[in-house]
Amino acid sequence: MGKSFSLPRGTADILPSDITAWRYLESSARQFFSVYNYKEIRTPNFEETELFARSMGQSSDVVQKQILSLRSQKADAAEDSGLALRPEGTASVVRSYIQNNVDRKESLSKYFYIGPMFRGERPQKGRLRQFHQMGVEAIGPDSASPYLDAEVIALAVNLLKGLGLKGFTLKINTLGSKEDKEAFSKKLREDLKPHLAKLSDESKQRYERNVFRILDSKSKEDKAIVKNLKLDHSYLSKESLDYYTKVKENLTALGVAFEESVDLVRGLDYYTHTVFEICDSSLGAQDALGAGGRYGTLVAQLGGSDNVEAIGFALGMERILLALGKVDIKQSALDTFVIAMDDAAVSYAFHVLNKLRASNISADMHFKGGSAKSQMRIANKSGARFTVIIGAQEVQNKTVTLKDMDSGEQEELALQEAISKIKS
Ligand code: AMP
């Protein structure tokens, strides 16, 4: 017997029985993105590893621990030795924006993407190694507006509400400008210094590498220390505070409820000013549905113009589906199932099947034949609205017998008449 295979750890098959929910999610999202005038972009699933290191920051957890690199089987692997599966969408979208000189063509570009992302994580509920995100990025010299921050956040919230989610909360914060952020990290180091010895080993390293990540730590001892820090916005410039106030006013004007959270920092280097996170406590430990914020320096960091900012978010699709629970939408039913009453009828039935499909009627048939009874059972299981029955009489008369599966009524018709009736 041959070896049998299972899917790789941390991945999932999306089976036909799951597809209705996925389609519902994707089509609702596309509808929202289009209403807000965001256009779809599709970038490759892998990029230069360096792109992710430069954008997310060498010290981020994702780059440190979760990048899935590609290795060629060939001896001469020089060309693709520096490639990795994308752990998120933002870096690729910004890379494409810069590569295509989009800032010379338009002052604000609004993109959305939907697709798989890859992270070498320890799999658990709500945490996979291949998962899916949908997200938006608004990029351009004209993107620095507190109205745009509010638009992007409102889009995420309204999309989740539109899908039927109710129990989630939106948390927002501001990190201020690049300079404010530096002042904040300095202050944070000062405040944490007396507690350094008591921090977890991981946070001891974060203290030097990326002190903000200590605020996201899950370890009990770190949490206790962070709780007593009494974080505030005293390191922010007046301009940054005014910007943040305007974002909050705009959210209120849009009817978007939010909680302010001074310890929300997001662990990636590229965030400045507004950051936000959407959580749903029904999800347990992995409760983040999505997150985002403003990237003041990312475009310049990746070789683009200094005056181009961006803002965006990414929502985790598996998490949204988990939070939605059972999505009660019917799979679109098959229109017809064709039944050949005996072997002699199969060839004509096959011809009818093709004619139905050519008329845009969804149709299927069981080619192995078998008894009329067993085929009727298969037709029933398929959920088809009609069966098209072909026996010796129909072959002789060049007709079909059309049975309405709801009423049980059936009649012999010319194929064209049957097609009209199915379509009516
Ligand atoms: P992040 O860029 O890490 O903030 O991810 C944005 C969203 O993607 C998260 O809030 C999750 O909903 C989802 N997500 C991130 N990592 C994973 C993962 N490993 N498995 C499933 N969903 C994920």
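Me: Which element gives the most residues to the shell around the ligand?
Reply: In this predicted model, the elements that contribute two or more residues to that shell are β5 (130-140), β9 (288-295) and β10 (309-316). The greatest contribution, three residues, comes from β9.

Me: How do the residues of the shell around the ligand divide into nonpolar, polar and charged?
Reply: The ligand has 14 residues around it, and those that come nearest are Arg119, Glu121, Leu128, Arg266 and Ala288. By class, the shell comprises five nonpolar, four polar and five charged residues.

Me: Which are the edge strands of the eight-stranded open sheet?
Reply: The eight strands follow the order β1-β4-β5-β10-β9-β8-β6-β7, with mixed pairing. An edge strand here pairs on one side only, and this applies to β1 (39-40) and β7 (259-260).

Me: Which residue in β10 does Gly293 stand opposite?
Reply: β9 and β10 are antiparallel partners, joined over six bridges. Across from Gly293 stands a residue of β10, namely Gly312.

Me: At about what angle to β5 does helix α11 run?
Reply: Helix α4 (residues 90-99) lies across β4 (109-118), β5 and β9, at about 40 degrees to β5. Helix α11 (residues 317-324) lies across β4, β5, β8 (272-280), β9 and β10, and its angle to β5 is about 115 degrees.

Me: Why is one side of β12 and of β15 left without a neighbour in the sheet?
Reply: These strands belong to an open five-stranded sheet of mixed pairing, ordered β12-β11-β13-β14-β15. One side of β12 (363-365) and of β15 (410-414) has no neighbour in the sheet because both stand at the edges, each with a single partner strand.

Me: Which residue in β12 stands opposite Phe337?
Reply: Strand β11 (residues 336-340) runs parallel to β12, and three bridges join them. The residue of β12 facing Phe337 is Asp364.

Me: At about what angle to β11 does helix α13 run?
Reply: Helix α12 (residues 343-358) lies across β11, β12, β13 (386-390) and β14 (399-404), at about 160 degrees to β12. Helix α13 (residues 372-382) lies across β11, β13 and β14, and its angle to β11 is about 175 degrees.

Technical notes: Residues numbered from 1 in each chain as written. Predicted model: local features only at pLDDT ≥ 70, side-chain atom pairs only at ≥ 80, totals over all residues. Heavy atoms only, no water. Near = heavy atom within 4 Å. Helix = DSSP H or I, 4+ residues; strand = E, 2+ residues; numbered from the N terminus. Nonpolar A, V, L, I, M, F, W, Y, C, P; charged D, E, K, R; others polar. Pairing = 2+ DSSP bridges. Contact = heavy atoms within 4.5 Å. Axes fitted to C-alpha atoms, helices over the stretch in contact; angles between N-to-C directions.
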